[in-house]
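Here is a friendly briefing to read with the model open beside you. Take each topic in turn and look for the residues as they come up.

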Amino acid sequence: MPQLSCQNLTLGYEGKVVISGFSFTVNTGDYLCIVGENGSGKSTLMKTLLRLKMPMSGQIVMGDGLTPNEIGYLPQQTIVQKDFPASVKEVVRSGCLNRCGLRPFYNRKEKRMADENMEKLGVKNLAHRCYRELSGGQQQRTLLARALCAAQKILLLDEPAAGLDPKATDELYTLIKKLNDSGMTMIMISHDIAVSLKYASHILHLGTQSSLFFGKTEDYVISETGLIYTGLEGEQT
């Protein structure tokens with residue numbers, strides 16, 4: 001049974017349809033990359049998956065025991081977030097806030113989870129450093145550790161490497177793939193088609209009705225949409 005099943009969705013805002021009539025499923029351990037041109041509905045879909053927006057029609061069904069509080073989110077960073085005056089440890093632990101309920105403190109289990117995720121993402125040695133003093137790559141690894149404190153089964157990522165230099169970008173995507181290999185389901189918006197083809201198990205291409213595609217990555221690269229979008233059209237014999 002799929003962890004997430006999106007059936008005949010139509011998405012939009014202020015009564016304006018952005019994209020309509022598409023469906024896809026996500027199974028445990030999948031690595032789904034969402035691609036498409038600007039304005040094709042990628043961010044709107046992400047907000048819908050996070051329940052920040054409601055679909056205009058269609059439905060999103062959670063299965064395989066998935067609940068909303070088992071989904072983590074790594075958004076694109078804003079200038080304000082980059083200058084956040086807190087320690088790395090405080091930022092990572094804040095990912096446990098939804099688990100705290102009305103408790104005004106983190107319990108031992110939550111603190112241990114934060115420590116484990118800092119270790120996993122290679123920022124444990126930065127625990128007492130101020131977040132705003134870190135490099136871009138270190139900040140993103142810190143935010144990924146925070147997202148893991150909120151995620152148990154699925155991690156949503158919105159252009160996680162935006163603004164990073166090539167070395168930091170490669171390191172971050174390698175870490176994300178390791179998390180996926182350990183069993184975490186990934187759903188990622190990406191403008192980097194090379195990264196999508198390298199790491200994703202599945203591709204969801206949003207666009208016009210004729211260019212919509214959902215399927216395995218190997219099927220995408222030989223599809224009409226994939227051949228155009230990857231620049232491989234004309235290279236086929």
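Leu4 stands opposite Val26, a residue of strand β2. Strand β1 (residues 4–13) pairs with β2 in the antiparallel sense, over seven bridges. The model is a predicted one, in which local features need pLDDT of at least 70 and side-chain atom pairs count only at pLDDT 80 or more, while totals for chains, interfaces and linings use all residues. Residues are numbered from 1 along each chain as its sequence is written, and side-chain values use heavy atoms, with hydrogens and water left out.

**The sheet**

- Strands of a sheet pair through backbone hydrogen bonds, either parallel or antiparallel.
- Here, an open sheet of three strands runs in the order β2-β1-β4, with antiparallel pairing.
- Its edge strands are β2 and β4 (57–62), and each of them pairs on one side only.
- Neighbouring strands of this sheet are turned by 25° against each other on average, direction ignored; the axes behind such angles are lines fitted to C-alpha atoms, for helices over the stretch in contact, and angles run from 0 to 180 degrees between N-to-C directions.
- Two strands count as paired if DSSP finds at least two bridges between them.
- The element names come from DSSP runs numbered from the N terminus: helices (H or I) have at least four residues and strands (E) at least two.

**Aromatic rings**

- How many aromatic pairs does the structure hold? There are four, where rings of Phe, Tyr and Trp (its six-membered ring) pair if their centres lie within 6.5 Å, and planes under 30 degrees apart count as stacked, over 60 as edge-to-face and the rest as tilted.
- Phe22 and Phe24 form a stacked pair, 6.2 Å centre to centre with 5° between the planes.
- The rings of Phe24 and Phe214 have centres 6.0 Å apart and planes at 50°, so this pair is tilted.
- Because Phe24 lies in strand β2 (residues 16–26) and Phe214 in strand β9 (residues 213–216), the pair ties together parts that are 190 residues apart in sequence.
- Phe22, Phe24 and Phe214 form one aromatic cluster.
- Buried or exposed? Phe22 and Phe24 are both buried, where buried means under 20% relative accessible area, exposed over 50% and partly exposed in between (1.4 Å probe, protein chains only).
- Phe24 has a relative accessible area of 2%, whereas Phe214, at 29%, is partly exposed.

**Two residues with positive phi**

- Arg51 is not a glycine, but its phi has a positive value, near 65°.
- Arg51 lies in the loop between α1 (42–49) and β4, and it counts as exposed because its relative accessibility is 56%.
- Asp64, also other than glycine, has a positive phi near 55°.
- Asp64 lies in the loop between β4 and β5, and its 40% relative accessibility makes it partly exposed.

**The largest pocket**

- Rolling a probe the size of a water molecule over the atoms shows where empty space is left.
- The largest pocket has a volume of about 400 Å³.
- On a 1 Å grid over the protein atoms alone, a pocket is an open set of points where a 1.4 Å probe fits, with protein on both sides within 12 Å along at least five of seven lines; lining residues have an atom within 4 Å of a point.
- Of the 20 residues lining the largest pocket, Pro68, Asn69, Ile71, Asn98 and Ala150 are the closest to its centre.
- α6 gives the most to this lining, with four residues.

Definitions and conventions
Points joined across faces, edges and corners; volume = space filled by probe spheres on them.
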